[in-house]
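Visitor: Could you walk me through this model, beginning with the charged pairs?

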Amino acid sequence: MNAPRFLDAAAVRAACDPARAVEAVTAALAGGLDPAADPARQAVPLRSGQFLLMPSEGGAHAGIKVATVAPGNPGRGLPRVQASYLVFDAVTLGLVAVLDGTALTTLRTPAVSVAAVASRLQAGTGPVAVAVFGAGPQAHGHVATLAAVLTPFRPLGPVTQLVRDPARAAPIGGAAVVAVDDPRTGDVLRGADVVVCATSARTPLFDADLIGGAAVVVAVGSHEPDARELPGALLARGTVVVEDVATALREAGDVCLAVDEQALRVADLVPMRDLVTGRARPDPDRPLVFKSVGMAWEDLVVAEAVLRPSGGPS
């Protein structure tokens, strides 16, 4: 057996850029991958937090992300979430590679979001105004991935970063930084073509009537059924897209709470695969809302792209 490859965060980023990650996600769904086949995420309690185990199996490989969540780490100056990703040969089950799982997550989450909404955004004209709630890696990653995928079609900008404390935020290059309680926030949201929510919020970040009728809204901040970033009234107005309906009803608080409030019907949820393959064609005059919780198939698809030479077969 060959020794497994080890890819640290820098190697993961160097091996697969955001555009290739989006292409990998899109190709997998177009090629027949069914997100519903994924095993459910497993949480294992630990004294200082928990393990999150996310296994998946594809044609050539099986993989598992082992993430740790340590709520006390920020007070120690350490990340709250850390992860490693293990890739195995699907036949021999020999270990092929170990990837920095945190870097992989930072790459794949915005790739999934942009793959879900790209057809809507690429069909438009003129600059894409973006509002981003958050200051962490996912806020930065979503802007970079939007830029990588949209630039051949239309320019990205302006970008406004909405944060609780501008003085402490890690600014996104070229973005204006505005406090969420600043009076300008309402105007920013009214003018946004894309609103990205990448926060740890447990209650809605804004009022539904601030979002334009043709806007795209992406929410990636939580995978807990009682936490939400979006108001139910927005989901009532929009076309709501999820990675997988059963997973969303188990883990997506934005969806679960809107259903509980009777603002959203389960039957109206659109699986991401239907949007990517063109089977679903949302009304362009209604907000397009994509709620992601993160699924194991996404990690495996993007990990395979990381391990595949640039330009190699998919």
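Guide: A salt bridge here is a side-chain nitrogen of Lys or Arg within 4 Å of a carboxyl oxygen of Asp or Glu. The model is predicted, so local features need pLDDT of at least 70 and side-chain atom pairs count only at pLDDT 80 or more, while totals for chains, interfaces and linings use all residues. Residues are numbered from 1 along each chain as its sequence is written, and side-chain values use heavy atoms, with hydrogens and water left out.

Visitor: Fine. How many salt bridges does a search of the whole structure find?

Guide: The search finds 14 salt bridges. One of them joins the side chains of Arg279 and Asp274, with 3.2 Å from N to O.

Visitor: What about Asp268, which residue does it pair with?

Guide: Asp268 forms a salt bridge with Arg265, and the closest N and O atoms of that pair are 2.9 Å apart. Asp268 is partly exposed, with a relative accessible area of 37%, whereas Arg265 is exposed, with a value of 55%.

Visitor: And Glu251, what does it form a salt bridge with?

Guide: Its partner is Arg41, and the closest N and O atoms are 2.7 Å apart. This pair links distant parts of the chain, as Glu251 is in helix 7 and Arg41 is in the loop between helix 2 (18-30) and strand 2, 210 residues apart. Helices (H or I, at least four residues) and strands (E, at least two) are DSSP runs, numbered from the N terminus.

Visitor: Why do you count Glu251 as buried?

Guide: Glu251 is buried because its relative accessible area is 7%. Arg41 counts as buried as well, at 17% relative accessibility. As background, side chains of opposite charge can pair when their charged atoms come close.

Visitor: Switching topic, how many cavities of 30 Å³ or more are there?

Guide: The count comes to 2 cavities of 30 Å³ or more. A cavity is a set of points, on a 1 Å grid over the protein atoms alone, where a 1.4 Å probe fits but cannot get out, and lining residues have an atom within 4 Å of a point. Points are joined across faces, edges and corners, and the volume is the space filled by probe spheres set on them.

Visitor: What space lies in the largest cavity, and which residues are closest to its centre?

Guide: The largest cavity holds about 80 Å³ of space. It is lined by 13 residues, of which Pro39, Ala40, Arg41, Met295 and Ala296 are the closest to its centre. Strand 3 (49-57) and helix 7 (245-251) are the elements that give two or more residues to this lining.

Visitor: Then the second largest cavity, which residues line it?

Guide: That cavity has about 30 Å³ of space, and its lining is made of Ser113, Val114, Val117, His142, Leu146, Val194, Val196 and Val218. Helix 3 (101-122), helix 4 (137-150) and strand 10 (194-197) each give two or more residues to the lining, with the largest share, 3 residues, coming from helix 3.

Visitor: Now the backbone. Which residues does a cis peptide bond join?

Guide: A cis peptide bond joins Gly157 and Pro158, with omega at about 0°, and Pro158 is found in strand 8 (residues 156-163). In general, most peptide bonds are trans, and most residues other than glycine have a negative phi.

Visitor: On phi, what value does Leu93 have?

Guide: Leu93 is not a glycine, yet its phi is positive, at about 60°. Leu93 lies in the loop between strand 5 (81-89) and strand 6 (95-100), and counts as exposed at 54% relative accessibility. Gln262, also not a glycine, has a positive phi of about 60°. Gln262 is placed in the loop between helix 8 (253-260) and strand 13 (270-271) and is exposed, with a relative accessible area of 75%.

Key: 1 Å grid on protein atoms, 1.4 Å probe; cavity = no way out; pocket = protein on both sides within 12 Å on 5 of 7 lines; lining within 4 Å. Buried < 20%, exposed > 50% of the residue type's maximum accessible area, 1.4 Å probe, protein only.
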